[in-house]
Structure formats: structure tokens, C-alpha cells
Amino acid sequence: MKSAKLGKLWDSLHSSFWFVPTLMLVLAIGLSFITIRIDQSAETNIIEKLGWAYSLGPSGSRAILSAIAGSMMSVATTAFSITIVALQLASSQFGPRLLRNFMRDTGNQVVLGTFIATFVYSLMVLRTINGVEENEFVPHLAVTVGIGLAIASIGVLIYFIHHSAASIQVDRVIKKVGDDLDKTIDRLFPDRIGRSASKQLEEESLAAIPTDFDRLSRAIAARESGYIQAIDDNRLMQIAIDRNLLLRVEQRPGRFVVKGSQLMRVFPEEKIDRKLAAKIADTVVLGIGRTEQQDLEFSIDQLVEIAARALSPGINDPFTAIRCIDQLSVALCHFAQREIPSPYRYDDRHRLRVIAEPLEFADAIDAAFNQIRQYGQSSVAVTMRLLEAIATIAPFTHRELDRTALQRHADAVERGSQNGIEEELDLQDVRERYLAALKAIDSNRLLDRDERS
């Protein structure tokens with residue numbers, strides 16, 4: 001597993017508008033040197049025999065390359081302007097946290113890179129054209145490649161126009177965020193990441209924690225303020241093994257910490273010096289914003305933010321909120337089938353080394369449904385869809401704690417409807433969905449008992 005810092009670096013590069021265009025620019029410069037070198041070493045009659053090769057003189061070559069270079073810069077400027085407008089629209093309609101998704105769009109990065117690379121390639125070839133009779137040189141193959149790049153840029157421009165219009169459609173945005181959420185679940189909770197701690201294992205783990213842990217442990221403080229983007233758990237485990245330590249992680253990726261606040265506690269205190277404390281603190285990657293690298297709730301919050309904006313009085317778009325609920329239902333069904341790793345991490349000698357509370361299903365469903373339930377309390381359609389979502393998720397749950405969390409939310413939605421909805425017929429519809437949700441939860445509970453027996 002790659003380190004947390006490398007993951008943060010890659011995420012930063014992937015979310016930038018300069019990385020891919022810069023790579024394509026370097027490739028364009030390299031291509032220009034290669035084609036010019038071929039032109040310099042090849043015989044003129046060989047180039048002329050190629051029917052698809054450009055074979056006019058210096059003035060015509062300069063005119064073509066100048067036209068390509070000038071048009072590419074104009075198109076690149078227009079494409080960049082369109083991208084900025086799309087980002088502004090996305091920020092106002094979907095929320096500022098969705099900007100990262102648009103900036104990570106590889107299609108937009110390749111489009112900008114293609115225009116810039118074609119412009120630079122044309123300039124690099126243009127400088128080698130010599131019109132003096134004694135030393136006349138026209139890189140026919142290089143000019144031909146430049147024309148090919150210009151034609152390809154036209155195709156890229158057509159793609160960009162379609163892609164820009166399609167990328168800001170709300171259904172596509174919600175689906176993209178939902179797909180990212182599913183990928184995060186697969187990455188953070190693979191099928192065989194471990195097994196849920198049984199009661200016996202949990203009791204053994206609790207017994208392995210020294211009774212004087214809190215008194216004789218030392219707090220490791222954050223060296224700066226920011227959001228926890230990732231924790232390098234492999235490095236943390238290795239430090240604990242090398243120094244014979246027991247560490248308890250106090251924070252979780254996605255939380256905001258203030259400089260000087262506790263990140264974790266380390267036992268025993270006497271083994272900790274300033275250098276080791278800095279090394280342990282360095283395993284926690286902080287940043288100015290949240291990312292989905294190890295923060296499952298971040299992708300959930302993105303969908304919730306779209307739904308909350310849609311339910312605001314100024315927009316009043318319950319259909320978008322319902323679309324978000326549907327996508328959250330898919331993710332929660334996916335998550336409910338994953339094994340939650342034990343918070344107790346052991347070394348190869350079965351010695352307890354790290355204690356880190358994982359994200360539970362109850363935490364995920366709280367993040368997914370709480371705000372939508374609160375903002376959509378007066379919306380009949382949203383209220384009913386929340387209860388339908390709970391009924392959909394229930395058959396996929398396998399733990400009693402998960403079913404309890406679902407029932408708690410079903411009860412909260414039903415109670416909220418009593419305060420937010422006045423029409424009796426609407427309340428009856430909500431009541432029917434509520435009873436169906438409870439039935440689905442109870443049926444799953446009975447089925448689980450039958451399978452165990």
C-alpha cells in the first residue's frame with residue numbers, strides 16, 4: 001500500500017490543471033526534436049515519395065505553422081474560459097466542494113494539454129525553417145505532423161464542447177460522485193480486510209490495554225491546524241513495533257484538528273522523546289481541505305450538499321434531492337456488505353500495537369441521512385424516499401448494530417413528518433412507507449437468526 005504522503009501528492013497532481021498539460025508539452029517538445037532530426041537525416045526524395053507528406057517551400061511552411069500556432073492559443077484561451085465558467089456554475093449549483101471533481105476531470109486536462117502541446121510543437125518546428133537558398137531547409141515530416149496535430153485538435157475541440165455541456169448535468173454529477181464513493185468503499189473496506197471483532201476478541205483486546213494507559217501515556221499533538229487527510233497506518237505500526245509501543249489514535253481522517261490538539265496517545269511515556277514524537281506526528285497528513293483518500297464521509301457529504309442545496313427555499317428542487325438519496329442508497333447497500341475491521345491492530349507476535357476506531361455503518365448512515373432529513377422534513381416526496389431507501393438498504397445489512405441504526409433513522413423520519421407535514425393523506429402515505437421500512441428491518445433480523453440457527 002502506497003504511503004499516505006505519496007497518495008496525497010498524487011491526489012494533488014491529479015486535481016491540478018497544470019500537471020497533464022505540462023507532461024503533454026514536454027512530449028510535444030520531444031516529438032519536435034525527433035521529427036526534425038528525421039528530416040535532417042533523411043534524403044529529400046524519400047520525403048517527396050510519401051504522398052501524405054507536406055512538400056511545399058519555406059514560406060508556405062511558415063504560414064501553415066504560424067496559423068496553427070495562433071489558432072491553438074486562441075482555442076486554448078477559449079477552452080480555459082469555458083472551463084472557468086463551468087467551475088463557477090458548479091460551485092453555485094452543486095457546492096464548492098464539488099470543484100475538486102471538475103478539476104480532476106482528465107478529459108478537460110487532456111483537452112488543454114492538446115492545444116498547448118500543438119502550439120509549442122508548431123513553434124519548435126517553425127524556428128528550424130530556413131529560406132536562404134544556400135542553406136534552405138524545410139522539415140517536411142515535422143510540418144506534416146504539425147498539420148496532423150492541428151486536425152486532432154479539431155476533434156478534441158468537438159469532444160470538449162460536448163463534454164463541457166454534459167459534465168454540468170446534475171444527473172451526471174451525482175452519478176460521478178456516487179461512483180467515486182463506491183470506489184472509496186472498495187479501497188478502504190475490501191472484502192477481506194479483516195473480520196469484525198467478536199465479543200471474545202474484543203474482551204481479549206480490552207484486557208491487553210494497560211489499566212494505567214491514560215495516566216502513563218503521552219499525548220502526541222498536531223503541529224499545525226488543518227483537516228486530517230490520511231494516516232500512514234503501515235508506518236505507524238512499524239514505529240510501534242520497532243519501539244515496543246502501544247498507540248491509540250484519537251482522531252479520524254476527515255476531522256479538523258487545531259494546532260496543539262491531541263492526535264494520539266502513546267504508551268509508555270518514558271520511551272517518547274522529541275524526535276520520536278515528531279516522527280509519530282508526521283504519520284498524520286494534514287491539509288487545508290478534506291479528500292476521499294481515507295475519508296469515506298467526504299464523498300457522502302458531497303451528495304448531501306447537493307441534496308441540501310436542492311431543498312433550500314430558493315431552489316426547491318426535491319427531484320435532485322431524491323436522486324441523491326437514491327445514489328446514497330446504492331453506496332450504503334454496498335457498505336453494509338463490507339466487513340468492518342477491528343479497532344485493535346496486532347503485530348506478528350499477536351501483541352496489541354495500535355488502537356484506531358474505524359468508520360462504522362451507523363456513522364455513514366448518520367452522515368448520509370441526518371441533514372437531508374432535517375432539510376426535507378416538510379417535503380412529502382423526500383420523506384417518503386428516505387423511508388423507501390431504508391427499506392431498500394435493510395436486506396443488505398448483516399449486523400444488528402446496522403439494523404438498529406436503520407430503525408433509529410426510520411423513527412426519526414416518521415417523527416419529523418408529524419411536525420413538517422400537515423395534510424392527513426400525506427401523513428398516511430408516510431406512515432405506510434415507515435411500516436414497510438420496519439417490516440424490511442424485522443424480516444432481515446429474522447432471516448439472520450434463522451441462518452445462524
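N244 is placed in the loop between α11 (233–243) and β3 (246–249); helices (H or I, at least four residues) and strands (E, at least two) are DSSP runs, numbered from the N terminus. The model is predicted, so local features need pLDDT of at least 70 and side-chain atom pairs count only at pLDDT 80 or more, while totals for chains, interfaces and linings use all residues. Residues are numbered from 1 along each chain as its sequence is written, and side-chain values use heavy atoms, with hydrogens and water left out.

**Backbone features**
- N244 has a positive phi of about 55°, although N244 is not a glycine.
- A cis peptide bond, with omega near 0°, runs from F267 to P268.
- P268 itself is found in the loop between β5 (262–267) and α12 (274–281).

**Domains and their contact**
- The chain is assigned domain 1 (13–168) and domain 2 (180–191 + 297–338 + 359–451), with bounds that come from an automatic or database domain assignment.
- The C-alpha centres of domain 1 and domain 2 are 48 Å apart.
- To the contact (heavy atoms within 4.5 Å), domain 1 gives 10 residues and domain 2 gives 6 residues.
- About 700 Å² is buried between domain 1 and domain 2, and carbon and sulfur atoms give 48% of this area; buried area is the accessible area (1.4 Å probe) that two parts lose on being put together, summed over both.
- F94, R97 and L98 account for 53% of the area that domain 1 buries against domain 2, more than any other three residues.

- On the side of domain 1 that touches domain 2, the elements that give two or more residues are α4 (58–94) and α5 (99–103).
- Helix α4 provides the largest share of that side, with 4 residues.

**Salt bridges and aromatic rings**
- The structure as a whole holds 25 salt bridges.
- One of the salt bridges joins the side chains of R235 and D282 (3.3 Å, N to O).
- Because R235 lies in helix α11 and D282 in the loop between α12 and β6 (284–287), the pair ties together parts that are 47 residues apart in sequence.
- There are 5 aromatic pairs; rings of Phe, Tyr and Trp (its six-membered ring) pair if their centres lie within 6.5 Å, and planes under 30 degrees apart count as stacked, over 60 as edge-to-face and the rest as tilted.
- F189, F335 and F361 are linked into a cluster by ring pairs.

Definitions and conventions. A salt bridge is a side-chain nitrogen of Lys or Arg within 4 Å of a carboxyl oxygen of Asp or Glu.
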